[in-house]
Amino acid sequence: TFHASLMILVHIGEICATMQRYSLSLPVRYGQKIIDMRNFLAHQYIDIRPSLIAKTIFEDIPALERVIISEVE
């Protein structure tokens with residue numbers, strides 16, 4: 001489950017990076033931080049702290065979901 005969660009976070013960062021590359025506006029204030037986290041997870045995996053991943057999954061992802069949903073409505 002932990003490694004699957006990491007992969008999902010990497011994919012979210014990839015989506016943000018792709019949007020940025022094509023000059024599409026990110027519907028989030030911290031788009032670059034999401035991309036930076038993706039880079040960290042993909043390249044510094046030895047230094048990953050499970051507590052940071054848990055915080056991201058349980059706090060940041062629901063906040064991101066709310067922002068995206070409000071942009072669509």
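Biologist: Helices, as I understand them here, are DSSP runs (H or I) of at least four residues, numbered from the N terminus. With that settled, where does Arg-49 lie?

Modeller: This is a predicted model, and in it Arg-49 sits in the loop that runs between H2 and H3.

Biologist: And is Arg-49 buried or exposed?

Modeller: Arg-49 has a relative accessible area of 51%, and exposed means over 50%, which is why Arg-49 counts as exposed.

Biologist: How far apart are Arg-49 and Ile-12 in space?

Modeller: From C-alpha to C-alpha, Arg-49 and Ile-12 are 18 Å apart, while in sequence 37 residues separate the two.

Biologist: Which residues of H1 are buried?

Modeller: The buried residues in H1 are Ser-5, Leu-6, Leu-9, Val-10, Gly-13, Cys-16 and Ala-17. Around the axis they cover an arc of only 140°, which means that they lie on the same side of H1.

Biologist: Why would residues three or four places apart point the same way?

Modeller: An α-helix has 3.6 residues a turn, so residues with that spacing point the same way.

Biologist: Which residues are exposed on the other side of H1, and what covers the buried ones?

Modeller: Ile-8 and Ile-15 are exposed on that other side, whereas the cover over the buried residues of H1 includes helix H2 (31–43) and helix H3 (50–72).

Biologist: What phi does Ser-23 take?

Modeller: Ser-23, which comes just after H1, takes a positive phi of about 55°.

Biologist: Now Thr-56: which helix is it in, and what does it touch?

Modeller: Thr-56 is in helix H3, and it is buried, with a relative accessible area of 6%. Leaving aside residues up to four places away in sequence, Thr-56 touches Leu-9, Met-37, Ile-61 and Pro-62.

Biologist: Last topic, then: how much space lies in the largest pocket, and which residues are nearest its centre?

Modeller: The largest pocket holds about 470 Å³ of space. Its lining is made up of 18 residues, with Tyr-30, Lys-33, Ile-34, Asp-60 and Leu-64 lying nearest the centre. H1, H2 and H3 are the elements that give two or more residues to this lining.

Biologist: Which element gives the most to that lining, and how do the residues divide?

Modeller: H3 gives the most, with seven residues, and the lining as a whole divides into twelve nonpolar, two polar and four charged residues.

Conventions. Residues are numbered from 1 along each chain as its sequence is written. This is a predicted model: local features need pLDDT of at least 70, side-chain atom pairs count only at pLDDT 80 or more; totals for chains, interfaces and linings use all residues. Side-chain values use heavy atoms; hydrogens and water are left out. Buried means under 20% relative accessible area, exposed over 50%, partly exposed in between (1.4 Å probe, protein chains only). The arc is that of the directions from the helix axis to the C-beta atoms. Contact means heavy atoms within 4.5 Å. On a 1 Å grid over the protein atoms alone, a cavity is a set of points where a 1.4 Å probe fits but cannot get out, and a pocket is an open set with protein on both sides within 12 Å along at least five of seven lines; lining residues have an atom within 4 Å of a point. Grid points are joined across faces, edges and corners, and a volume is the space filled by probe spheres set on the points. Ala, Val, Leu, Ile, Met, Phe, Trp, Tyr, Cys and Pro count as nonpolar, Asp, Glu, Lys and Arg as charged, and the others, Gly among them, as polar.
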